[in-house]
Amino acid sequence: MTQPTLPAPAADAVKAALHAIPMNATVGVRITDVGPGWATGECPDTPPFRNHLGTIHAGAQFLLAEAVSGAAFAGAFVQYVGEAVPLIEKLDTHYVGRAVGDLTARAEIDPAALPAAYAEYGADGRARLLVRVTVKDGEDKPVMEAQAHWYLRRRPQDK
């Protein structure tokens, strides 16, 4: 099934914003694709970001999950990004395996949740959405499952 994509300038803006976050750049987190309510990303396996077991550190996995969830959220609200502030409230993580090799991640918002979130934002200038994330390692096995709780609020108008 093909998922809808964002226009290239919008997708590029979401990617650039997440790539500009210094910690993401330090670890090598990159957003590879983004659409309205979904995103994919990657993080290379590099020695400085391995743990005492020689596998990819949980912190690198966390950064990837946060970034890809943020990209999915921004993709869902791309039309409001200039007037609103997205904030992550919570990232629930469950590490399900040792991560070996380059990481990939996919984040998705339940499409059925979007109409209510858009209506909430339109009425109150704020909205919340849950973004589900799966991080896989270089062997394509899941190593982390996460649920990101994102919040969007309209910026106060300048007076």
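The largest pocket has a volume of about 350 Å³, where volume is the space filled by probe spheres set on grid points joined across faces, edges and corners. Of the 17 residues lining this pocket, Ala17, Leu18, Ile21, Gly70 and Pro86 are the closest to its centre. A pocket here is an open set of points on a 1 Å grid over the protein atoms alone, where a 1.4 Å probe fits, with protein on both sides within 12 Å along at least five of seven lines, and lining residues have an atom within 4 Å of a point.

This is a predicted model, in which local features need pLDDT of at least 70 and side-chain atom pairs count only at pLDDT 80 or more, while totals for chains, interfaces and linings use all residues. Residues are numbered from 1 along each chain as its sequence is written, and side-chain values use heavy atoms, without hydrogens and water.

Helix 1 (8-19), helix 2 (22-27), helix 3 (58-76) and strand 3 (84-95) each supply at least two lining residues, and helix 3 gives the most, with five residues.

Strand 3 also holds Asp92, which counts as partly exposed because its relative accessibility is 34%, between the limits of 20% for buried and 50% for exposed.

| Pair | Distance |
|---|---|
| Asp92 and Arg132, C-alpha to C-alpha | 9.7 Å |
| Asp92 and His149, side-chain polar contact | 3.2 Å |

A polar contact is a pair of N or O atoms within 3.5 Å, of which, within protein, one must be able to donate a hydrogen and the other to accept it, and residues adjacent in sequence count only if both atoms are side-chain atoms.

How values were computed
Helices (H or I, at least four residues) and strands (E, at least two) are DSSP runs, numbered from the N terminus. Buried means under 20% relative accessible area, exposed over 50%, partly exposed in between (1.4 Å probe, protein chains only).
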